Amino acid sequence: MSFIQFSPWQVYDDSGRRKYLNEAERQRFLDAADRMAPHIRALCYVLAYTGCRVSEALNLTRHNLDIEQASLTFKTLKRRRPAFRSVPIPIELVELLIGLPPIGNERLFPMCRATAWRAVTHVMRLAKVEGPMASCKGLRHGFGIRAASRAVPPNLIQRWLGHASIVTTSIYLDAVGQEERDFADRMW
């Protein structure tokens, strides 16, 4: 009997570069997003504050925004059966989404996936974020790393990111270096 062994996802690319936005890059990205048109700005904030996949963000409607709970409900698109998850968001993002001008259909972001990717990479360039982290995925991975570094329980990170398995989420937990850094500081 043979087993197929797969290489788990890593937080670094083959050259050793991070695939996630760090805190300074994330802030520059949000600052650059503030200079964009309302729908692009809101999309950037949703990606940064929820860790959702770009396709999940593009499927959002006003019905997915729970104003009282200050959360967004996403349909997880990577599963065979429909699965929904609610992700808390800051009240400022709720207000930003409420203030979006309605456009034609019910969707909050009236654009295709390719247009959204181009918009996000444009904002990354304005923010002077370069490398493998300068993408929608970089925002998603940055969200996971940020949550783990702030001691958010793994089961919440798993739920917020829509991971079917805690094994996937554990990659973010392994990547967090603060505890390791604390040990190294004591050793030095």
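Helices (H or I, at least four residues) and strands (E, at least two) are DSSP runs, numbered from the N terminus. The model is predicted, with local features needing pLDDT of at least 70, side-chain atom pairs counting only at pLDDT 80 or more, and totals for chains, interfaces and linings using all residues. Residues are numbered from 1 along each chain as its sequence is written, and side-chain values use heavy atoms, without hydrogens and water.

Q: Which pattern does the chain follow along the sequence?
A: The chain holds 9 helices and 3 strands. Read along the sequence, their order is α-α-α-β-β-β-α-α-α-α-α-α.

Q: What is the mean pLDDT of the chain?
A: pLDDT is the predictor's confidence in each residue, from 0 to 100. In this chain 89% of residues reach 70 or more, and the mean is 88.

Q: How many contacts does the stretch of residues 1-7 have beyond near neighbours in sequence?
A: A contact means heavy atoms within 4.5 Å. Over residues 1-7 the pLDDT is below 50. Where pLDDT is low, the predicted coordinates should not be read in detail. Beyond near neighbours in sequence, the number of contacts for residues 1-7 in the model is 0.

Q: What share of the residues of the chain counts as buried?
A: Buried means under 20% relative accessible area (1.4 Å probe, protein chains only). Of the 188 residues in the chain, the buried share is 43%.

Technical notes:
Buried < 20%, exposed > 50% of the residue type's maximum accessible area, 1.4 Å probe, protein only.
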